Amino acid sequence: MTAVSIKKREYTCCLTCNEVVSIPTLNPQEFAKCPRCHTLLRTQKKWSLTRCTFIACGILLLIPFALFSPLISLNLFGSPIDASVWSGIWKMATEDYAYTAFLVFLCAVFIPICFALLIIGLKIADVLQIKPRHILLTLGYVKPWVMLDVYLISLLVTMFKVRQYAELNVNFYIIAFVFITILVTLLFIHLNIKTLWEYFYPEQTLLSDFSPQENICCCSKCEYSFVLTHNVEKESSCPRCNTKINSPTQESLQAVWATLLTGIIMLFPANFLPISVVYVNGVATEDTLMSGVLGFISSGNYFIAFIVFTASIFVPISKVAIMLYLLICVHFNLRHSIKWKMRLLHFVHFIGRWSMLDLFVLALMMSLVTRGQIIDFSVGPAAFYFGIAVFLTMISSSLFDSRLIWKIYDNPTR
């Protein structure tokens with residue numbers, strides 16, 4: 001008898017494809033994947049909560065320098081103009097673009113700070129031996145909306161955009177912003193929320209046994225697998241996080257359709273209305289998303305044009321097209337390649353956040369180019385519609401349940 005065969009085996013339900021998988025007790029550095037969809041189900045490779053807390057504290061210490069200190073400066077006729085993350089948001093908010101500024105504030109300031117505070121809150125709960133259910137749930141919600149890496153790329157785009165008007169200098173504080181971005185990226189890679197749930201709730205990890213007739217369910221919030229019991233007087237909820245259990249049915253697609261269609265509607269004014277207006281010696285030049293890309297091409301900045309085109313035009317349109325395709329497959333039971341469909345869904349989840357690059361560039365431009373000077377900059381009406389479209393399409397993709405795709409192949413009579 002081999003060493004693997006004598007290990008204790010437990011069961012979990014894959015949140016991606018709804019497959020019930022038998023998992024042995026893992027040794028350090030081992031991990032288990034779903035044999036059907038290859039989703040990571042369990043891993044022993046993880047960072048300790050203490051190490052993650054130290055990184056979160058480092059992020060909070062660097063935040064005043066990274067978000068509120070000048071990152072780049074524009075030398076216009078001998079007068080330096082500084083741009084920071086906060087000054088761009090504040091300038092945008094005080095010049096009648098408060099709603100657009102709020103979108104930038106959420107992703108570039110508020111949510112990154114909350115992300116670090118939540119990790120520290122987990123460590124405090126661990127020391128005090130408190131069950132941090134609400135902290136873990138909130139951490140799962142806010143994690144996809146931390147976009148400091150996107151903001152870092154927007155700094156590069158802004159540098160190329162304004163250097164044609166005046167001399168541009170990079171300030172020392174940009175190092176703090178780069179360090180924060182690196183630390184947040186490390187937390188994204190090594191912070192496993194499912195592992196944290198299992199750490200704080202060790203009594204509720206994997207099923208040790210079940211009968212084939214029982215209905216095994218996986219909670220979409222904490223990924224806890226349990227036997228679902230139907231109570232006619234009370235709706236079923238997860239015994240670990242108390243979240244209401246919703247089976248992946250056709251009715252659950254209504255929220256996906258609602259947010260996606262609204263996002264599509266917002267994309268029309270976002271693409272056809274001007275997103276920015278530049279005044280040089282009193283002459284206004286309006287730029288739409290596409291004309292901005294063409295402007296970079298005409299000035300020879302092909303790489304920056306590629307980045308802006310990808311984030312502003314290709315990503316939103318491809319995301320909408322992929323979501324429409326997946327929804328049509330679910331509604332009409334189209335049995336195309338399941339691997340292809342899952343790759344498209346993972347692609348949508350990965351690229352969705354990068355569309356915020358344009359709004360970050362606008363905030364930095366508002367900070368650098370002050371009204372009343374020879375060179376003037378203003379945000380166009382398309383900015384708000386574009387930001388709303390990005391938010392709605394991200395929400396739509398997050399609401400889409402991949403188990404509906406696999407359900408097509410589970411029933412051979414469909």
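Helices and strands here are DSSP runs, numbered from the N terminus: helices are H or I runs of at least four residues, and strands are E runs of at least two. This is a predicted model, in which local features need pLDDT of at least 70 and side-chain atom pairs count only at pLDDT 80 or more, while totals for chains, interfaces and linings use all residues. Residues are numbered from 1 along each chain as its sequence is written, and side-chain values use heavy atoms, with hydrogens and water left out.

Let's start with the whole protein. It has 14 helices and twelve strands. Of its 414 residues, 50% count as buried, where buried means under 20% relative accessible area, exposed means over 50%, and partly exposed is in between (1.4 Å probe, protein chains only). Taking contact to mean heavy atoms within 4.5 Å, 68% of the contacts between residues at least 6 apart in sequence join residues at least 24 apart.

Now look at a pair of helices. The axes of α1 (residues 49-68) and α6 (residues 174-190) come within 9 Å and cross at roughly 150 degrees. Axes are lines fitted to C-alpha atoms, for helices over the stretch in contact, and angles run from 0 to 180 degrees between N-to-C directions. On the α1 side the contact includes Cys-52, Ile-55 and Gly-58, and on the α6 side it includes Phe-177, Ile-180 and Leu-183. The residues of this contact divide into 15 nonpolar, one polar and no charged. In this sorting, Ala, Val, Leu, Ile, Met, Phe, Trp, Tyr, Cys and Pro count as nonpolar, Asp, Glu, Lys and Arg as charged, and the others, Gly among them, as polar.

A second pair is worth a visit. Helix α5 (residues 148-162) and helix α10 (residues 302-332) pack at an angle of about 130 degrees, with their axes 10 Å apart. That makes α5 oblique to α10. Ile-153, Leu-156, Val-157 and Phe-160 of α5 meet Ile-304, Ile-307 and Val-308 of α10, and the residues of this contact divide into seven nonpolar, no polar and no charged.

Next, turn to α4 (residues 133-142), whose buried residues are Leu-136, Leu-137, Leu-139 and Val-142. Their cover includes α3 (98-128) and α7 (193-200). Leu-137 is also one of the residues touched by Thr-243, which sits in the loop between β9 (225-227) and α8 (253-272). Thr-243 is buried, at 18% relative accessible area.

Another loop, between α11 (338-351) and α12 (357-368), holds Gly-352. With a relative accessible area of 3%, Gly-352 is buried. Leaving aside residues up to four places away in sequence, Gly-352 touches Val-315, Lys-319, Val-390 and Met-394. Its C-alpha atom is 7.6 Å from that of Thr-393, 41 residues apart along the chain.

Finally, consider the backbone. Most residues other than glycine have a negative phi. His-38, in the loop between β3 (31-33) and β4 (40-43), has a positive phi near 65 degrees and is exposed, at 54% relative accessible area. Asn-333, in the loop between α10 and α11, has a positive phi of about 55 degrees and counts as partly exposed, at 26% relative accessibility.

Conventions
Angles under 35 degrees count as roughly parallel, over 145 as roughly antiparallel, 65 to 115 as roughly perpendicular and the rest as oblique.
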